[in-house]
Amino acid sequence: MTETEIIEKINKFLVEEFEVDADKITPDAKLKETLELDSLDYIDLAVVIEHNLHFKVKPEDFTRLVTVQDFYNFALAHTD
């Protein structure tokens, strides 16, 4: 899977599964403040990641993810 494909998948499930406004999804957008994701969303996000990107994520991994770019980088590092 290419970097572009991963980014597109992430953006798509943020919009579809978490009802995030697509215009708010920018690399420097903050997951909590800008996209308004909370700790319960992170649990759901872990499931969505496993289903769509095919790797497991632990809840504590989210403590390192502040921006959308952090999320992209994390996903890129964990996919083949």
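1. Apart from neighbours within four places in sequence, Ile10 is in contact with Leu53, Phe71, Tyr72 and Ala75, contact meaning heavy atoms within 4.5 Å. From C-alpha to C-alpha, Ile10 lies 9.8 Å from Ile25, a residue 15 places apart from it in sequence.

2. A word on what you are looking at. This is a predicted model, in which local features need pLDDT of at least 70 and side-chain atom pairs count only at pLDDT 80 or more, while totals for chains, interfaces and linings use all residues. Residues are numbered from 1 along each chain as its sequence is written, and side-chain values use heavy atoms, with hydrogens and water left out.

3. How do α1 and α2 pack? Their angle is about 130 degrees and their axes are 11 Å apart; axes are lines fitted to C-alpha atoms, for helices over the stretch in contact, and angles run from 0 to 180 degrees between N-to-C directions. The two helices α1 and α2 are therefore oblique to each other, given that angles under 35 degrees count as roughly parallel, over 145 as roughly antiparallel, 65 to 115 as roughly perpendicular and the rest as oblique. In passing α2, α1 makes a right-handed crossing; a crossing is right-handed if the near helix is turned clockwise from the far one by less than a right angle, and left-handed if anticlockwise.

4. Now for the residues in that contact. On the α1 side they are Lys9, Ile10, Phe13, Glu17 and Phe18, and on the α2 side Asp41, Asp44, Leu45, Val48, Ile49, Asn52 and Leu53. Seven residues of the contact of α1 with α2 are nonpolar, one is polar and four are charged. Here Ala, Val, Leu, Ile, Met, Phe, Trp, Tyr, Cys and Pro count as nonpolar, Asp, Glu, Lys and Arg as charged, and the others, Gly among them, as polar.

5. Next comes the pairing of α1 with α3. These helices pack at an angle of about 125 degrees, with their axes 10 Å apart. That angle makes α1 oblique to α3. The crossing of α1 past α3 is right-handed. From α1, the residues Glu3, Ile6, Ile7, Ile10, Asn11 and Phe13 meet Phe71, Tyr72, Ala75 and Leu76 of α3. In this contact of α1 with α3, eight residues are nonpolar, one is polar and one is charged.

6. Which residues of α3 are buried? In this helix, residues 68-78, they are Val68, Phe71, Tyr72, Phe74 and Ala75. They span an arc of only 165 degrees around the axis, which puts them on the same side of α3; the arc is that of the directions from the helix axis to the C-beta atoms. An α-helix has 3.6 residues a turn, so residues three or four places apart point the same way. The buried residues of α3 pack against α1 (3-18) and α2 (39-53).

7. Asp41 is found in helix α2 and, beyond residues up to four places away in sequence, touches Phe18 and Glu36. Ala46 also lies in α2, and its 14% relative accessibility means that Ala46 counts as buried.

8. Most residues other than glycine have a negative phi. Glu19, in the loop between α1 and α2, has a positive phi near 55 degrees, and with 71% relative accessibility Glu19 counts as exposed. His54, in the loop between α2 and α3, has a positive phi near 65 degrees, and at 60% relative accessibility His54 counts as exposed.

9. Finally, is Asp80 buried or exposed? Asp80 sits in the segment after α3 and counts as exposed, at 88% relative accessibility. Asp80 and Glu50 are 30 residues apart in sequence and 13 Å apart in space, C-alpha to C-alpha.

How values were computed. Buried < 20%, exposed > 50% of the residue type's maximum accessible area, 1.4 Å probe, protein only. Helix = DSSP H or I, 4+ residues; strand = E, 2+ residues; numbered from the N terminus.
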